[in-house]
Amino acid sequence: DLFCAALTTLCELALPLLVREITSYVTEKTGDSFIVPEFVKLVLGCGLLYIILRIIDTLANYYMATHGHIMGAKIEADMRRDLFSHLNKLSFSYYDNTKIGTLMSRMTSDLFDITELYSINIALAHGHKNARIGIAYSMSETCKGECFGNNKGYGSNARTAIADVNA
């Protein structure tokens with residue numbers, strides 16, 4: 001489940017990186033050095049890679065949805081069995097002072113909440129943690145040259161390059 005959450009995070013982080021590759025090619029290769037067949041090959045390659053990553057993402061999400069809920073239902077069934085066993089061991093005087101409907105309603109809702117916590121929220125939290133790490137890494141790689149004063153990094157001549165492309 002957590003492996004699939006990591007896969008979906010990687011697939012989500014791939015789009016900005018692929019777009020960065022395409023835009024860096026356009027900004028670096030201007031004028032006579034811009035080769036259209038090479039650019040088309042780059043765009044088609046990035047598009048094909050992105051489609052493959054989307055398929056992997058869909059399969060991983062399907063696995064997390066089905067197997068996560070199945071595992072959560074099994075955990076819920078085990079907990080219900082343990083609680084019912086515990087309720088059978090209690091004395092009759094306990095039930096004289098306690099409303100059974102309230103007890104059963106509380107047990108059912110609490111077990112459902114625990115099941116949902118396991119099956120959905122843990123995988124999502126793991127995926128969000130991975131996404132934050134990936135975004136921070138991607139931003140640091142993109143900003144390497146420009147953010148620290150030496151304007152030799154990505155996008156340093158972007159204004160003139162984009163002006164040449166638009167002209």
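Trainee: In which helix is the place of Thr8?

Mentor: Thr8 lies in helix H1; helices (H or I, at least four residues) and strands (E, at least two) are DSSP runs, numbered from the N terminus. Please note that this is a predicted model, in which local features need pLDDT of at least 70, side-chain atom pairs count only at pLDDT 80 or more, and totals for chains, interfaces and linings use all residues. Residues are numbered from 1 along each chain as its sequence is written, and side-chain values use heavy atoms, with hydrogens and water left out.

Trainee: Why does Thr8 count as buried?

Mentor: Buried means under 20% relative accessible area, exposed over 50%, and partly exposed in between (1.4 Å probe, protein chains only). Thr8 has 11% relative accessibility, and therefore counts as buried.

Trainee: Which residues are in contact with Thr8, leaving aside its neighbours within four places in sequence?

Mentor: They are Asp57, Ala60, Asn61 and Met64, where contact means heavy atoms within 4.5 Å.

Trainee: Why is Asp57 called buried?

Mentor: Its relative accessible area is 6%, so Asp57 is buried. Asp57 is found in helix H2, and, with neighbours within four places in sequence set aside, is in contact with Thr8, Cys11 and Glu12. The C-alpha atoms of Asp57 and Leu7 are 6.8 Å apart, although these residues are 50 apart in sequence.

Trainee: What makes His67 count as partly exposed?

Mentor: His67, a residue of helix H2, has 39% relative accessibility and therefore counts as partly exposed. Its C-alpha atom is separated by 7.7 Å from that of Asp1, 66 residues away along the chain.

Trainee: Why are H1 and H2 described as roughly antiparallel to each other?

Mentor: The axes of helix H1 (residues 2–28) and helix H2 (residues 36–89) come within 8 Å and cross at roughly 165°. Axes are lines fitted to C-alpha atoms, for helices over the stretch in contact, and angles run from 0 to 180 degrees between N-to-C directions. Angles under 35 degrees count as roughly parallel, over 145 as roughly antiparallel, 65 to 115 as roughly perpendicular and the rest as oblique. H1 and H2 are therefore roughly antiparallel.

Trainee: How many helices and strands are there in the protein chain?

Mentor: The protein chain has five helices and zero strands, giving the pattern α-α-α-α-α along the sequence. Of its 167 residues, 19% are buried. Among contacts between residues at least 6 apart in sequence, 74% join residues at least 24 apart.
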